[in-house]
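Have a look at them and see whether you read the side chains the way I do.

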Amino acid sequence: MRYSNLAGRLAIFNGTESAIGRTVAVETWDETIGTALVVDPRRGALRPVTDCPDFSHPERADQVVAAVSGGGWRAHREDEGPNGTPLTEQVLAWLITATGRATPITADATGHVDDVEGADHLIPQ
């Protein structure tokens, strides 16, 4: 699934000699200085992105506003099963974004939840 968060923004970082490039969810905005805040994992606190030397730019993120039942749909992928075999899974739910996009979500037998935007077919039951 495309990145999604409540703030509707992502912070893109280029990386440094000691840190790889990464995409981080913007948690909130500091309204006083108008800057995006992200979690600094070393400090365990919010930090303005402008304080990070490798900050590149912000990007829009999807905002999930609702989840609805899978409604009897199945997702089929031609080569995602064991040893590259076909795999068909029940759609557990559809995540609905603020722009109206619906993303199908499945859960496998081990409980791993994943989006299936890349499914070869969505099949109604």
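Predicted model: local features only at pLDDT ≥ 70, side-chain atom pairs only at ≥ 80, totals over all residues.

1. Arg101 sits in the loop between β9 and β10 and Glu117 in the loop between β11 (113-115) and β12 (121-124), so the pair ties together parts 16 residues apart in sequence. Glu117 is partly exposed, with a relative accessible area of 35%.

2. Which residues join Arg101 in one network? Asp62 and Glu117 do, through salt bridges that share partners. The Asp62 side chain meets that of Arg101 at 2.3 Å, N to O. Since Asp62 lies in the loop between β6 and β7 (64-69) and Arg101 in the loop between β9 (87-97) and β10 (102-107), this pair ties together parts that are 39 residues apart in sequence.

3. Another pair to check is Asp54 with Arg22, a salt bridge whose closest N and O atoms are 2.7 Å apart. It links distant parts of the chain, with Asp54 in the loop between β5 (45-48) and β6 (55-60) and Arg22 in strand β2 (residues 22-25), 32 residues apart. Is Asp54 buried or exposed? Asp54 is buried, at 7% relative accessibility, while Arg22 is partly exposed at 32%.

4. For the overall tally, the count comes to five salt bridges.

Notes. Residues numbered from 1 in each chain as written. Heavy atoms only, no water. Salt bridge = Lys/Arg side-chain N within 4 Å of Asp/Glu carboxyl O. Helix = DSSP H or I, 4+ residues; strand = E, 2+ residues; numbered from the N terminus. Buried < 20%, exposed > 50% of the residue type's maximum accessible area, 1.4 Å probe, protein only.
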